Amino acid sequence: MSQLSQRPSGAVVGMAVPHESARLHVTGQALYTDDIAARTPDALSAWPVQSPHAHARIRSIGTQAALIIPGVVRVLTAADVPGINDCGTNHDEPLFPAEAMFHGHAVAWVLGEDQNAARAGAAAVEVDYEELPSLITVAEAIEAGSFQGQHRTVSRGDADAALATAARSFSGVTEFSGQEHFYLETQAALATVDEGGQLFIQSSTQHPSETQEILAHVLGLASHDITVQSLRMGGAFGGKEMQSHGFAAIAAIGTRLTGRPVRVRLNRTLDMTMTGKRHGFHTSWEAGFDEDGMLLALKAVLTSDGGWCLDLSEAVLARALCHVDNNYNIPHVHVEGRVAKSNKTSQTAFRGFGGPQGMLLIEDILGRCAPLLNLAPEDLRRKNFYRDGDTTPYGMAVRHADRVTTMWEQCLENSNFSERRREVDAFNAAHQHQKRGLAITPVKFGISFNFVALNQAGALVHVYKDGSVLISHGGTEMGQGLHTKMLQVAATALGVPLAAIRLAPTRTDKVPNTSATAASSGSDLNGGAVKNACEQILARMAPVAGGMLGVSGHDIRFSRGVVTGLGVKDRSFTFAEVVMESYLQRVQLWAAGYYRTEGLHWNPALMQGAPFKYFAGGASVTEVEVDGFTGAYTFRRVDIVHDAGDSLSPMVDVGQIEGGYVQGVGWLTLEDLRWDEGDGPQRGRLLTQSASTYKLPSFSEMPREFTVQLMEHAEEEGAVYGSKAVGEPPLMLAFSAREALRDAVGAFGPADHSVILESPATPEAVFWAIQSALGQPPLGQRTARD
């Protein structure tokens, strides 16, 4: 086992410890960006002037009426940008647009003494718009040929020939909606400037280094003139990877112009109407099977709804294309991907980053085709699993293919699947108007950034003379427990108790050039960097300790705060004593750590290579009960087995798995984004812009029984202390919930009925699927006698 993966005895990693800020969270003492802003004297508040049109040219902006309102200090427009008027990385995202590109697009910002004054000022700004034609749906964009970015294709074999000779072939369209991040803390930023013109930005962002970079070119400054800090976020889920930059830029311009602190904090409605969501997709597909139900070929076109600008849409699409296989070996594949351009918010990163969209396609195909092939869905899935030696359509070997199979079998056993299948069938036979469904689905998810250069991280570790330790790293904390894991990694690497370590806020003047905390890579990358810094310090201290104990430095052991020497039974020193002696001997007691993921290679033009360090996976079983009169359903029981490698922090990981599953259930069954698609004056307006109109999963959607088991003996060679990423993969465990709903709906009709479920599968959608299973024509096609 490599040094990176090897776990010493007495390790702090692997212990079930609470989240490092749990007590602060539950007592309300944890500070977030706007809490800091509220404690900042003389801070101005910003409020946007939003477009009432989905697409309109801006003829003029009149600010005089706003400036006479008491408390209004300044109105920011494009003329106030000292550098480049663009807050994106693709040069297609003007901070102050000449054309409003979606309903709610901010065309100017008002600074006020408080939020009420700024809001009143924004309402008084006079904007002359020339309304232009708009595209709201993906279908409209496809028909208009409105696309952006690169078209990509993943191909292997000859899909057309395989489809032509397949024993059974099917075709269809699978469409699914996006998802609102609905993080508890909305987008927020606070900017201050010192007497030397140095900017300090407190931002609720997953990517401080990119915020710094964007601010530099917006303001016409060098990066060293700007420091960005992310103390913590109240959730992000990808929504603060790119889209936080523009709000930080508004605060920064405001503070540069006024000399006063400026805060930006969106309320919930602003956040929902101004920020991007998970990409919805339109997919058309053909799939071929042999006589035994083995997948032979898949041909598909994936069109994502990118919204008005690119943001991260190309990378999201690439990951979707690399996950259409999920855990199934498909010999012949030809899958094309393209990004539609529409007049909606620019869709962005969301937990899973395209992986869920790609995997939903193949799971929907298998769920729809199973009854037509006269196979149980679980049997159709299982027989098509990857085996050791197989490769993905993009050319990467599937290592440890047996792991998903092992977890599948464990999940079947843990859930008593066979016995419960008989119970479900018996219940369905005895109940005409209520049916139950049971399903199991797998997950195979690649871990690493698609863009190879992003797979690197840094850390800074300080050991003080009293033996206490301060660590900084490039990852951001959004509630997922990354800081908790980094504390455990540092304590393990240094051989000290957890209480000896403190973690400093993430900031660009401590660790530079960092990647976003995204792609489930936070623990792998930053953990590797923290461990590297700690090992540098121990390597310098070991000879000092060796001199104190009369042994070679190679024979020194640091564990639980005590330093011992091999063969020395009567003497030891505390970690603090060795630290002090090292200081007296002028030994450097701090280090900058670095880590880069090895073994990655990827050709984005060909969509071929090995873009992932490893695959994380799992299996889940869900049982549901559906009411035939209303389509309403309850989740009765969920059983999950998940591969977290040798978990760094089991309590944190189990929480991530539970939360990921529930968030996935929200996307697939409840969270129904709606825009006004009519031709009236509100065309393009987001209709679901609050918790009263956008249904989120809550305790009422939680299953009555919910068990999560981490796979045992699952150490991952080449990853920090043998662990695996666990942020994104659990979301896709929720596919079993959707497939259980399909199973229950199918029970209302004949055995060979192929159930087509809308996504999200809301109770309304389930009701109409039941009507279809019963042979009822859709509403509007019934006769008077019906």
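The model is a predicted one. Welcome in, and keep the structure open as you read.

**Where the domains meet**
- Contact between them involves 17 residues of domain 1 and 17 residues of domain 2.
- Interface size is often expressed as the accessible area that is lost when the parts come together.
- Here, domain 1 and domain 2 bury about 1200 Å² between them, and carbon and sulfur atoms account for 55% of that area.
- On the domain 1 side, the residues that lose the most area to domain 2 are Lys485, Ser520 and Asp524, which together make up 44% of what that side buries.
- Lys485 is also worth a look for its salt bridge with Asp653, where the closest N and O atoms are 2.6 Å apart.
- How many salt bridges does the rule find across the interface of domain 1 and domain 2? There is one.
- Six residue pairs are in polar contact across the interface of domain 1 and domain 2, with both residues at pLDDT 80 or more.
- Two elements each give two or more residues to the side of domain 1 that touches domain 2: helix 15 (482-494) and helix 16 (522-549).
- Helix 15 gives the most to that side, with six residues.
- Sorted by class, the side of domain 1 that touches domain 2 has ten polar, four nonpolar and three charged residues.

- Eight strands form an open sheet with mixed pairing, in the order 3-5-1-12-9-10-11-20.
- Which strands stand at the edges? They are strand 3 (72-76) and strand 20 (506-507); each has a single partner strand, so one side of each is left without a neighbour in the sheet.
- The partner of strand 20 is strand 11 (residues 226-230), and the two pair in the antiparallel sense over two bridges.

**Salt bridges in the whole structure**
- A search of the whole structure turns up 42 salt bridges.
- One of them joins the side chains of Arg263 and Asp34, at 2.8 Å from N to O.
- Arg263 belongs to strand 12 (residues 262-265) and Asp34 to helix 2 (residues 33-38), so this pair ties together parts that are 229 residues apart in sequence.

**Backbone spots to check**
- Most peptide bonds are trans, and most residues other than glycine have a negative phi.
- Ser759 and Pro760 are joined by a cis peptide bond, with omega about 10 degrees.
- Pro760 is placed in the loop between helix 19 (735-746) and helix 20 (763-773).
- Asp42, although not a glycine, has a positive phi of about 70 degrees; this residue is found in the loop between helix 2 and strand 1 (44-50).
- Asn416 is another residue other than glycine with a positive phi, near 55 degrees, and its place is in the loop between helix 13 (401-414) and helix 14 (417-430).

Notes:
Residues are numbered from 1 along each chain as its sequence is written. Side-chain values use heavy atoms; hydrogens and water are left out. Contact means heavy atoms within 4.5 Å. Buried area is the accessible area (1.4 Å probe) that two parts lose on being put together, summed over both. A salt bridge is a side-chain nitrogen of Lys or Arg within 4 Å of a carboxyl oxygen of Asp or Glu. A polar contact is a pair of N or O atoms within 3.5 Å; within protein, one must be able to donate a hydrogen and the other to accept it, and residues adjacent in sequence count only if both atoms are side-chain atoms. Helices (H or I, at least four residues) and strands (E, at least two) are DSSP runs, numbered from the N terminus. Ala, Val, Leu, Ile, Met, Phe, Trp, Tyr, Cys and Pro count as nonpolar, Asp, Glu, Lys and Arg as charged, and the others, Gly among them, as polar. Two strands pair if DSSP finds at least two bridges between them.
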